[in-house]
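This report describes side-chain contacts between charged groups and between aromatic rings. The sequence and the structure are shown first.

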Amino acid sequence: MMQPKRIIPCLDVKDGRVVKGVQFTDLVDAGDPVECAIAYEKQGADELVFLDITATTENRDTVIEMVRKVAAAITIPLAVGGGIRTVEDFEAVLGAGASKAAANSAAVARPQLIREAADSFGSSAVVAAIDVMEHEGGKYTVLTNGGNSDTGIDAIEWAKQVASLGAGEILLTSLSQDGKKTGYDLEITKQVRRAANIPVTASGGAGSLEDFYLAFTEGEADAALSASLFHFNELTVRQVKEYLRSQNINIIP
């Protein structure tokens with residue numbers, strides 16, 4: 001039987017606060033991470049993603065103490081990304097209570113990091129975070145360093161590679177769509193899901209109830225992530241789930 005689809009709020013964290021912007025810029029405060037996490041679990045979130053969005057660009061480690069506080073406050077799975085560079089970083093984040101750790105820039109720089117982490121902690125604990133940008137002609141390339149560096153790497157080929165190296169799932173963010181609320185990039189989501197053949201979380205662009213539905217149907221995603229929609233109470237997780245159930249999407253109550 002097909003696994004239920006998941007709804008995942010994302011906590012983009014900077015300087016100890018949840019923030020949200022457009023394409024990782026023009027950030028505005030959205031609350032305390034622990035308070036946000038507790039509220040989302042009460043709403044029925046299936047999982048949370050905690051992204052330390054400046055750890056890589058500031059060349060520092062993930063804020064482990066904040067991860068520990070968030071993980072201790074909730075019972076649902078917590079995935080953590082930002083500043084994950086080594087197997088030791090995976091160990092520190094998982095040791096702080098996270099269920100999964102996500103690597104992006106460091107994995108692109110040294111793909112064997114994915115294999116080493118999967119060998120050490122199991123594929124289910126390893127998320128390949130892939131930020132992509134669409135170009136003319138329908139080509140998608142991989143971005144690193146918080147969306148600031150275009151590697152020129154083909155996103156589909158990279159998705160295949162991380163899957164072969166042992167990543168348990170992919171967190172796919174379309175920087176072309178991020179924060180715009182015009183809908184997920186359904187085409188790249190579908191292409192990555194089919195090419196990698198591991199679970200894919202769609203991220204970047206949710207603006208309506210229908211966007212979640214389309215992520216699961218046309219985009220073939222396994223989970224859908226959103227930040228600003230939830231942070232600013234435009235929609236609740238409960239509202240999204242009720243809508244999806246009304247559309248016959250297999251969703252966890």
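A salt bridge is a side-chain nitrogen of Lys or Arg within 4 Å of a carboxyl oxygen of Asp or Glu. Arg68 and Glu65 form such a contact, with their closest N and O atoms 2.9 Å apart. The model discussed here is a predicted one.

**Salt bridges**

The structure holds 13 salt bridges.

| Pair | Closest N to O distance |
|---|---|
| Arg68 and Glu65 | 2.9 Å |
| Arg194 and Glu220 | 2.6 Å |

Arg6 and Glu169 are both buried.

Arg194 and Glu220 form a salt bridge whose closest N and O atoms are 2.6 Å apart. This pair links distant parts of the chain, 26 residues apart: Arg194 is in helix H7 (residues 186-196), and Glu220 is in the loop between helix H8 (209-217) and strand E12 (223-226). With a relative accessible area of 57%, Arg194 is exposed, whereas Glu220, at 25% relative accessibility, counts as partly exposed.

Shared partners also join salt bridges into one network, made up of Arg6, Glu47, Lys100 and Glu169.

**Aromatic pairs**

A pair of aromatic rings is described by the distance of the centres and the angle of the planes. The count of aromatic pairs comes to 3. One of them is formed by Tyr184 and Phe212, with 6.0 Å centre to centre and 75° between the planes. The pair is edge-to-face, because planes over 60 degrees apart are classed in that way. It links distant parts of the chain, 28 residues apart, with Tyr184 in the loop between E10 and H7 and Phe212 in helix H8. Tyr184 and Phe212 are both buried. Together with Tyr40 and Phe230, Tyr184 and Phe212 form one aromatic cluster.

Methods. Residues are numbered from 1 along each chain as its sequence is written. This is a predicted model: local features need pLDDT of at least 70, side-chain atom pairs count only at pLDDT 80 or more; totals for chains, interfaces and linings use all residues. Side-chain values use heavy atoms; hydrogens and water are left out. Buried means under 20% relative accessible area, exposed over 50%, partly exposed in between (1.4 Å probe, protein chains only). Helices (H or I, at least four residues) and strands (E, at least two) are DSSP runs, numbered from the N terminus. Rings of Phe, Tyr and Trp (its six-membered ring) pair if their centres lie within 6.5 Å; planes under 30 degrees apart count as stacked, over 60 as edge-to-face and the rest as tilted.
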